[in-house]
Amino acid sequence: MTDAPPGSCPATFANEPHVDFSIQANRDAMRSAIERVRQKLGCHCPLVINGNPTETSNRIVSVIPYDFAVEVGTTASAEAAHADQAVEAARAAQRDWSRRPAAERAERLRRLADLMRKEFFELAAWEVFESAKPWREATADVCEAIDFCEYYAQEAQRLASCHGADVPGEENRFVYLPRGIAAVIAPWNFPLAILTGMTAAALATGNAAIMKPAEQSSVIASHLMRLGLEAGIPPGVLHYLPGRGEEVGAALVEHPHVHLIAFTGSRDVGLAIHARAAAVSGRSCKFVKKVIAEMGGKNAIVVDRDADLDEAVAGVVYSAFGFQGQKCSACSRVVVLEDVYDAFLHRLTEATRSLPVGPAEEPATIVSAVIDEEARNRILEYIAIGREEGREVLGVDVGDFAKRGYYVGPHIFADISPEARLAQEEIFGPVLAVLKASDLDEAFRIVNGVDYALTGGIYSRSPAHLDRARREIEVGNLYLNRGITGALVGRQPFGGFKLSGIGSKAGGQDYLLQYVLPKTITENTMRRGFAPPE
Amino acid sequence: MVAASSPPLLPPWEADLRPEQLARIEEATEQIGRELFARFRADRARIWQRRWWDDRIMAWAMRDERLKVELFRFVDVLPMLRSNEEVAGHLLEYLDRVPDALPWWLRGLLRASRNTRVTRALLARAARLASSDFARRFIAGSTTEQVLRSARRARRQKQAFTLDILGEAVISEAEAEAYFRAYVDLIENVAPTVNQWPTVEQLDQDVLGALPRFNLSIKLSALDCHFDAIDPEGVMQRAGERFRQLLRIAKEHQAFINVDMESFDKKDLTLHIFKTILMEDEFRETADVGIVIQCYLKSALHDLHELALWARERGTPVWVRIVKGAYWDYETVHARAEHWPIPVFQQKWQSDATFERATRYVMQHIEYLRPALASHNIRSIAHGLATAQVLDLPASGFEIQMLYGMADVEKRALAERGYRVRVYMPYGELIPGMAYLVRRLLENTSNDSFLRAGLYEQTPVELLLRDPLQVGKQDGNRSRSRRASPAPRG
Ligand SMILES: Cc1cc2nc3c(=O)[nH]c(=O)nc-3n(C[C@H](O)[C@H](O)[C@H](O)COP(=O)(O)OP(=O)(O)OC[C@H]3O[C@@H](n4cnc5c(N)ncnc54)[C@H](O)[C@@H]3O)c2cc1C
């Protein structure tokens, strides 16, 4: 059933090209953008409701994770009343927006993509400062945001094209209606891309979107708000409500006029939203609230005995420690076949030890600080647990960096048992558990023996083993002989199942269907025995 | 930068040789090419020679592109496989994917051997033998002793050598340090021995004087586990410092160091490090160094011109190994997947023509750049010899370089004519050697390869010796059109 049909299927969507930093002009552009943005640090971003800047009594302070004495900026902090105001405005505006031709909405999104291209390096620079994303990660996130705009614009137009099943005398049409108002609750780890993706999906299909960005990345989010208005998205259908999740997030989830909640974040919050949305459906609101939730992962890579170790080590290192391991797709377990366990572990340890640690603004940096104090403490707790559950083969000391930023050095724990907490719980940091398997059956049992099913992979050069992996590894995104992060819009639609998510695929052909309600329209075209010609 | 007195150094795309010189070169190329070809084709492998079997297997693998891919994938993984069971298993798995590409007798044989332990063990043995045979053909040994024996043998046949250490990809600082140590040890332990070997006039002297006998080809990326152009300053500090040390040790032991060129993303950085360090006071007069220009790159002539300007300013010439380039498939696939502009030419004749243009340019400017022509293509080599002839460049003023295990007949023919032929000798363990081996197999069997056309397909000599520019004119109209890619960002 899971066998992919043979044959080739060429890509039809052209992704925004990643930045080639071997070209000096690109390095210079990034460097100067960082300096320009440095001058703008300390900015303040009010809420934006119906196009109006709105101040609040409380503020959220955003600091540079790798240099926490420096403020990136502050934002207003929305409360329940602001959610009401935004929803009110959105209700008034959404009707008109939904009646515009899909092509017109698509055109606004393409304009948004163009505006992002214009400010490309500056947007990336904001990510460097606010999220501690190294250059390649930061620019890739902006590329992905652009991709989402372009891709959903294209897909929404496809949905709006004619679908039907006519017979003589009867015309049958399927049309897709927007659901109404979408609350977009986004994470900080892909601060522009994921927020843009969920928002663009809502807007492309004719919904209004109320953005509730993560507290840690609200300044970057304000740029999306600004560019959205500039691109001609009506003020009533796009709102910016940074604030505390428990406060404004909860208010949006429960609001009787919010039809859809698009959420990406932790499992606990995702499940709570799901439960809450179900609980109020049919009570305070007269419809079933739709929840789209992308949650965590406990992703594994299998290293087979015949794997190309050059490739496997590099792929695991990057998947586990790129952006400090703070990706839902990150590799946090590597399951190694006995025969190559020692050789692999040795090279893995040495390669990881050599990763440059430092401020994200330095071009060489691969591992910078984690997002905030709370994250650092949580990761340090897991490191302590790891010392009890396994053998600490590497713990990189970040030295004085820790005095200025929320740094945690890369850690590797070997000989971890499949039931250990380090092998079961999502850590969301630069901590990798290494497990030994005596054969492929055991390896796949370990891989599948967690609550999550997001990404996974295998390095093997046996066609038969790769085929088994295709069938047996239970994940939403399976990668053979490459790293397991960095899914591209259109090329690797992204999302998982089990407790990783509800099974939707961001950047995939099915994604927009969640933002719409299908409607069938049947017309009897026969009048007194005669029908229009077919 | 340009000293007031020196004449302008025009870029190759603005100034070529005079038309009548070009005509004489073309004429001589044709003649030299025909002579070389006569030797080349007369010396066909015989059935009792290992080469005959290699050639058969390669010819057979080339019959079907899919079969070729599966076989090369198998060769690639083979050294990692421990048991006969695994070897036979993998081979069958790979071949099972292309059943219709196999001849009936082989299908039968495989079906028969699938079932019993003994036959599977036999199959595994046969596969191992065949592939270690290929490895031995292209890799000059697994230890220093073995490669020295190969080097000595080459010198007896009046052929010089350059050594290359095959290693795993460098992904940690410890591995970079180990690679660096291996280079150092090689120079310190082997150069003194080699320097004791009897002189071979043809190899050890050139127009300017004595040439180092010990010649090492290094990869700068092996000296740094983060050889990444995103951070040129950092790489300069790490790899650059090790390069300096190698240069010092080489000088002490009269050794030559050539910096190989790798994939496109490392090209500018490699040139930058090379030029920066060799311009430093300590190394400014070092003459026993070389670098590579890859003529499949669209930027090749531009880089060559920059190099000439730099060398002129430096005041001491450097050697330039002119090649077409070893990563054509990778560059093409990678750039297309990333939607980046493709850095390599897409028509074979363009690479060939650029190679010839680069050859003429370097031979015109030997006071700055010293030519090393690295190719197995008889047309490319003949054009180089013809140019030297027309420009009155003595045979010792340049050299021809070829890879170990390839075009041996050509090497011999050229050496006998008094040219300095240098053999590029990679050596090392089999697992890390696989990437190199697979590149060679691909090169020998690629659709556009001269060796394939000349050796396996018996293409007529006239066609093989055609001026690439003429090929371009004739093929221009029916050239494959490729999808244009967007401009690079920034
Ligand atoms: C001693 C020596 C050292 C070398 N060192 C290096 C090095 O440091 N770095 C490096 O990259 N290469 C190096 N090479 C070159 C490389 O490894 C190949 O040997 C060389 O490219 C083969 O060229 P040829 O002239 O022998 O054969 P040919 O058959 O004439 O040319 C084949 C070459 O043409 C090019 N080509 C193939 N198809 C196309 C196409 N469709 N469009 C455009 N071009 C095409 C490719 O470069 C291909 O390798 C070296 C070669 C030698 C002999």
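**Briefing: the interface of chain A and chain B, with selected features of chain A**

The contact draws on 41 residues of chain A and 35 residues of chain B. The model is a predicted one. Between chain A and chain B about 3200 Å² is buried, and carbon and sulfur atoms account for 53% of that area. Arg347(A), Arg461(A) and Pro463(A) together provide 19% of the area that chain A buries against chain B, more than any other three residues.

**Polar and charged pairs across the interface**

- Five salt bridges are counted between chain A and chain B.
- In one salt bridge, Arg347(A) is paired with Glu175(B), and the closest N and O atoms are 2.7 Å apart.
- Arg347(A) is also one of the three residues named above for their share of the area that chain A buries against chain B.
- Side chains of opposite charge can pair when their charged atoms come close.
- Polar contacts across the interface of chain A and chain B involve 14 residue pairs, with both residues at pLDDT 80 or more.

**Elements and composition on the side of chain A**

- Six helices of chain A each give two or more residues to the side that touches chain B: helix 1 (24–40), helix 4 (120–131), helix 5 (135–160), helix 10 (309–321), helix 11 (338–353) and helix 16 (463–472).
- Helix 11 of chain A contributes the most to this side, with five residues.
- By residue class, the side of chain A that touches chain B comprises 22 nonpolar, six polar and 13 charged residues.

**Nonpolar surface patch of chain A**

- Val175(A), Leu177(A), Leu517(A) and Ile521(A) make up a nonpolar patch on the surface, and their accessible area together is about 270 Å².
- Strand 7 (170–178) and strand 22 (516–524) of chain A are the elements that give two or more residues to this patch.
- Val175(A), a member of the patch, is located in strand 7 of chain A.

**Salt bridges in the structure as a whole**

- Over all chains, the structure holds 75 salt bridges.
- Among them is the salt bridge of Arg226(A) with Glu119(A), in which the closest N and O atoms are 2.8 Å apart.
- This pair joins distant parts of the chain, the two residues being 107 residues apart.
- Arg226(A) belongs to helix 7 (residues 218–230) of chain A, whereas Glu119(A) sits in the loop between helix 3 (102–118) and helix 4 of chain A.

Definitions and conventions: Residues numbered from 1 in each chain as written. Chains lettered and ligands numbered in written order. Predicted model: local features only at pLDDT ≥ 70, side-chain atom pairs only at ≥ 80, totals over all residues. Heavy atoms only, no water. Contact = heavy atoms within 4.5 Å. Buried area = accessible area lost by both parts, 1.4 Å probe. Salt bridge = Lys/Arg side-chain N within 4 Å of Asp/Glu carboxyl O. Polar contact = N/O pair within 3.5 Å; in protein donor to acceptor, adjacent residues only side chain to side chain. Helix = DSSP H or I, 4+ residues; strand = E, 2+ residues; numbered from the N terminus. Nonpolar A, V, L, I, M, F, W, Y, C, P; charged D, E, K, R; others polar. Patch = residues over 30% accessible without salt bridge, like charges linked within 9 Å, V, L, I, M, F, W, Y side chains within 5 Å. Areas by Shrake-Rupley, 256 points an atom, 1.4 Å probe, with all protein chains shown as cover.
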